[in-house]
Amino acid sequence: MYANNPRDLQGLDRPDASPENHPEWTTLTARTRDILFAIACLEQTAQPAIPAKLKPALQRWYPDVEPTQLHADLQTLTHKNYLTEQPATSTYQLTPDAQNLLETYTSHLQQILNPDTITLELERPLTLGDIEQTHTKLLEECR
């Protein structure tokens, strides 16, 4: 990983931090989280989730990732029960725990990016005159 990569700096006070019911999200490094996403993407295709396929998927953010680092991260995720490995083929699959973690986090991000409601904080309360004035301006701009 190169020095200017801020992806590991996702603290709890950031909007991309873990939702409260899944604090384990922040215990994973950025690279291990991205590995989970890469495996989830590969599971949607006919390609097996093997290290040779994962490395190109990760090189966008981690151009210097070494095979030993990738294998160590895969083993860490396996020990944390986020992945299962088929040793004969070196194929990895997400466990239900990992799928739940990704689905919860994805839902959390969707709520941030596409909220159901929008809250506006106004400097002062709106009056009927404000609404009429805004309506008049909009009509003038449309002409």
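Is Arg31 buried or exposed? Arg31 is buried, with a relative accessible area of 15%; buried means under 20%, exposed over 50% and partly exposed in between (1.4 Å probe, protein chains only). The model is predicted, so local features need pLDDT of at least 70 and side-chain atom pairs pLDDT 80 or more, while totals for chains, interfaces and linings use all residues. Residues are numbered from 1 along each chain as its sequence is written, and side-chain values use heavy atoms, without hydrogens or water.

The side chain of Arg31 forms a salt bridge with that of Asp73 (2.4 Å, N to O). The criterion is a Lys or Arg side-chain nitrogen within 4 Å of a carboxyl oxygen of Asp or Glu. The count is 1 salt bridge. Asp73 lies in helix H3 and Arg31 in helix H1, 42 residues apart. Asp73 is also buried, at 9% relative accessibility.

The largest nonpolar core holds 25 residues. Such a core joins buried Ala, Val, Leu, Ile, Met, Phe, Trp, Tyr and Cys residues through side-chain atoms within 4.5 Å. Leu36, Ile39, Leu74, Leu83 and Leu94 touch the most other members. H1 gives the largest share, 7 residues. Beyond its neighbours within four places in sequence, Ile39 contacts Ala49, Leu54, Leu74, Leu83, Tyr92 and Leu94 (heavy atoms within 4.5 Å).

A nonpolar surface patch comprises Leu122, Leu126, Leu128 and Ile131. Patch residues have over 30% relative accessible area and no salt bridge; nonpolar side chains (Val, Leu, Ile, Met, Phe, Trp, Tyr) are joined within 5 Å, like charges within 9 Å. Together the four expose about 440 Å² of accessible area (Shrake-Rupley method, 1.4 Å probe). Ile131 is partly exposed, at 49%.

Technical notes
Helix = DSSP H or I, 4+ residues; strand = E, 2+ residues; numbered from the N terminus.
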